Amino acid sequence: MLRFADARVPNRFVCKDGFVCEASQTCLPMSKVCDGHPHCPLKDDEIMCNFKCPTGCVCSGFYVECRMATYINITYITVMAMPARVINLSENNHTTSTFSISTPMPYLYSLNISMCNITEFGSTPFYNARNLLTLDIRRNQFKEINANTFTGLKKLRTLLLDFNERLRSISPMSFVDLINIKELSIRGSGLKLLQKDTFSGLNLRLLDLSYNTLSSIEDFAFNNLKCNEIYLLDSDIHSFGKGMFYGATEVRHLVTPAFKFCCIRPAGLQENDCLPQKDAFSSCEDLMRNRTLQILLWVIGIMALIGNVLSLVYRIAIDNKRLTIGFGIFVTNLALADFFMGLYLIIIAVADVYYRDR
């Protein structure tokens, strides 16, 4: 006999010795479960009928955990666990080189394949799990993310990509399908290059690219990206241009490896909202931003040059006898060192004039 709960207390509905339909207050007798005819509004009374928990895994309802199973075939598990909602395959030694979900998994909303030694992905590897909300692929061995890796994941909200130490590049437009992602973290990877349009189409609250081995960022790398906060901490970026942040909008906070990146910050971002802030001497326009310091640089440099040239001429031409004793050698060496320091200051002063307001 079917029983229906009181609509006023839906959370207290009890179905004694029966099957409770998902998102419903319908209670089915067990004789109507897995009878070949769906009775629940969402047909969930027929979903798990032929399901067998994969060998080496622990299953509880729609949750499948195969964590730390030695040398398990992850692709085989995803086939066997087709009706599952949550699958945890972390800390496994994946026995095939290419990962891909080969069978439709319309009910899967959380997948953890972190620390699985995955070296590469097949073409559109997650397309058969298009209802995923959470995807964890941290600490694997793949070297690149291509334009088709995340195709179809329009509902995905959480993507974890941290600590993939062999990751070297991300193809342009790789994240364009992730229209619901709000936080994207790619920390601690071996990423070397950010290409044009890498993050195109994303609308984020946070993009964290800290602690990577980034050395080069192309112009328009952040093109067509909407993001409130961008972090680029601890990256030795030595190849970049003025158009690095072109196309990035709605940026409210930017943390970079050095102040020079704040000089080419995204349009609309205030200088005070970009870190690190300028030091006491330099600015984006001038090597020496204070007029007094500019004058002192010339005065000290010229005095050091003239004074030490006269000292060297005197020691060599007039008082050369002292060059045979320790004191005379020491003073002459000091004068020579101060001469080069004065020359260094003059070079800075000339560069300051040349590049001023540029």
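Me: Hi! Is Cys21 buried or exposed?

Reply: Cys21 is buried, as its relative accessible area is 2%. Buried stands for under 20% relative accessible area, exposed for over 50%, and partly exposed for what lies in between (1.4 Å probe, protein chains only). This is a predicted model, where local features need pLDDT of at least 70 and side-chain atom pairs count only at pLDDT 80 or more, while totals for chains, interfaces and linings use all residues. Residues are numbered from 1 along each chain as its sequence is written, and side-chain values use heavy atoms, with hydrogens and water left out.

Me: Thanks! Which cysteine is joined to Cys21?

Reply: That is Cys40, through a disulfide with an S to S distance of 1.8 Å; a disulfide here is a pair of cysteine sulfur atoms within 2.5 Å. The pair links distant parts of the chain, 19 residues apart: Cys21 sits in the loop between strand 2 (18-20) and strand 3 (26-29), and Cys40 in the loop between strand 3 and strand 4 (58-60). Strands (E, at least two residues) and helices (H or I, at least four) are DSSP runs, numbered from the N terminus. Cys40 is buried too, at 6% relative accessibility.

Me: Left-handed or right-handed, that link of Cys21 and Cys40?

Reply: Left-handed, with -70° about the S-S bond. The link of Cys57 and Cys66 is right-handed, with 105°.

Me: How many disulfides does the structure hold?

Reply: There are 4. One of them joins Cys262 to Cys274, S to S 2.0 Å. Cys262 lies in the loop between strand 20 (253-255) and strand 21 (274-275), and Cys274 in strand 21, so this pair ties together parts 12 residues apart in sequence.

Me: Switching topic: which residues make the nonpolar surface patch?

Reply: Trp298, Ile302, Ile306, Leu310, Val350 and Val353 make a patch of about 540 Å². Patch residues have over 30% relative accessible area and no salt bridge; like charges are joined within 9 Å, nonpolar side chains (Val, Leu, Ile, Met, Phe, Trp, Tyr) within 5 Å. A salt bridge is a side-chain nitrogen of Lys or Arg within 4 Å of a carboxyl oxygen of Asp or Glu. Areas come from the Shrake-Rupley method with a 1.4 Å probe, and for residues only the protein chains shown count as cover.

Me: Which helix gives the largest share of the patch?

Reply: Helix 2, with 4 residues. Trp298 is in helix 2 and is partly exposed at 32% relative accessibility.
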